[in-house]
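Open the model in your viewer and keep the sequence panel beside it. We will go from the surface to the inside, one selection at a time.

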Amino acid sequence: MATELDKIFLILEIAEFIIGMLGNVFIGLVNCSEGIKNQKVFSADFILTCLAISTIGQLFVILFDSFLVGLASHLYTTYRLGKPVIMLWHMTNHLTTWLATCLSIFYFFKIAHFPHSLFLWLRWRMNGMIVMLLILSLFLLIFNSLVLEIFIDISLNIIDKSNLTLYLDESKTVYDKLSILKTLLSLTSFIPFSLSLTSLLFLFLSLVRHTRNLKLSSLGSRDSSTEAHRRAMKMVMSFLFLFIVHFFSLQVANWIFFMLWNNKYIKFAMLALNAFPSCHSFILILGNSKLRQTAVRLLWHLRNYTKTPNPLPL
């Protein structure tokens, strides 16, 4: 029977699900309608649409995962439900993270400007480089899935046998094996983080250089390029902040799950963990001029519609 904590946890998870769905469905519909109307798909719109679709899939997995933890946590330690849910969550999370990273790199090459020949060469081949990054992410997804499958098999097998902490104290070999597998899973998460962090640092350097050139030419410090730099930096910084919270929440949730299973604190870790797919879409909407203007027009129409009095019945 669900406790009060379980009910609060499920209400908050449903709220995160609704918030995330509203933002990502909006992004997907706007970009798809624009692509059909203009008969042309821009790279940023394509990445945004793929990111929205991937996040929608992740939100559904998260919702099912939350109901499983909140209402039937004992089923999480079974191979029939626990393993498929963890694998699905990992796959959707991996795709979402890498698509967000590709978007950060795309904004960097689209907005930043350096006279260096390597930067100009990479910028000219930006679309091909994004495709190569996505192919790399698929190879890493296959590698991570294989490692995760071994990790889950060992962990669930131990949980079935006895208390995990006691069992690991008695079996150092199993503990070392789990530690190595967990380290491999964590290291692959640093690749998209380091790429996004590098994009942010170079965006900042490009902004500093651009602002200095404007001051030297007496044109002021605010123009369209400067504003584009700042908007892109805010988006990448927001993504990095959410990713850091997401990554550490994942480590805490894993530790609680495998060391203190059926502990109430795993629910708080999951709430922080799921903030990334729920909140990131609204950061993307605010940072994209087309999406932001469409959202403002939609809100204006909704506001006027709610203020319009209903006609009196005849």
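**Stop 1: a patch on the surface.** Select Ile14, Ile18, Ile19, Leu22, Phe67, Leu71 and Phe282. They form a nonpolar patch on the surface, with about 610 Å² of accessible area together. Patch members have over 30% relative accessible area and no salt bridge, and nonpolar side chains (Val, Leu, Ile, Met, Phe, Trp, Tyr) are joined within 5 Å. A salt bridge would be a side-chain nitrogen of Lys or Arg within 4 Å of a carboxyl oxygen of Asp or Glu. Areas come from the Shrake-Rupley method with a 1.4 Å probe, and for residues only the protein chains shown count as cover.

H1 and H2 are the elements that give two or more residues to the patch. H1 gives the most, with 4 residues. Now pick Leu71, in helix H2. Is Leu71 buried or exposed? Leu71 is exposed, because its relative accessible area is 52% (exposed is over 50%, buried under 20%, partly exposed in between; 1.4 Å probe, protein chains only).

**A note on the model.** This is a predicted model, where local features need pLDDT of at least 70 and side-chain atom pairs count only at pLDDT 80 or more, while totals for chains, interfaces and linings use all residues. Residues are numbered from 1 along each chain as its sequence is written, and side-chain values use heavy atoms, leaving out hydrogens and water.

**Stop 2: the whole chain.** Switch to cartoon view. The protein chain has 11 helices and 0 strands (DSSP runs numbered from the N terminus: helices are H or I, at least four residues; strands are E, at least two). Buried residues make up 47% of its 314 residues.

**Stop 3: annotated spans.** UniProt places "transmembrane region" at residues 8-28, 51-71, 102-122, 128-148, 188-208, 239-259 and 266-286. Such annotations may be inferred rather than shown by experiment; feature names are shortened and positions use the numbering here. Select 8-28: the span is 100% helix, and its end C-alpha atoms lie 30 Å apart.

**Stop 4: the core.** Which residues touch the most other members of the largest nonpolar core? They are Tyr107 and Leu203, in a core of 45 residues. A nonpolar core is a set of buried Ala, Val, Leu, Ile, Met, Phe, Trp, Tyr and Cys residues joined through side-chain atoms within 4.5 Å. H3 gives the most to this core, with 11 residues.

Select Tyr107. Beyond its neighbours within four places in sequence, Tyr107 is in contact (heavy atoms within 4.5 Å) with Leu48, Ala112, Ala232, Met235 and Asn288. Finish at a second, separate core of 9 residues, including Ile86, Val147, Phe151 and Leu185.

How values were computed. Patches are made of residues with over 30% relative accessible area and no salt bridge: like charges are joined within 9 Å, nonpolar side chains (Val, Leu, Ile, Met, Phe, Trp, Tyr) within 5 Å.
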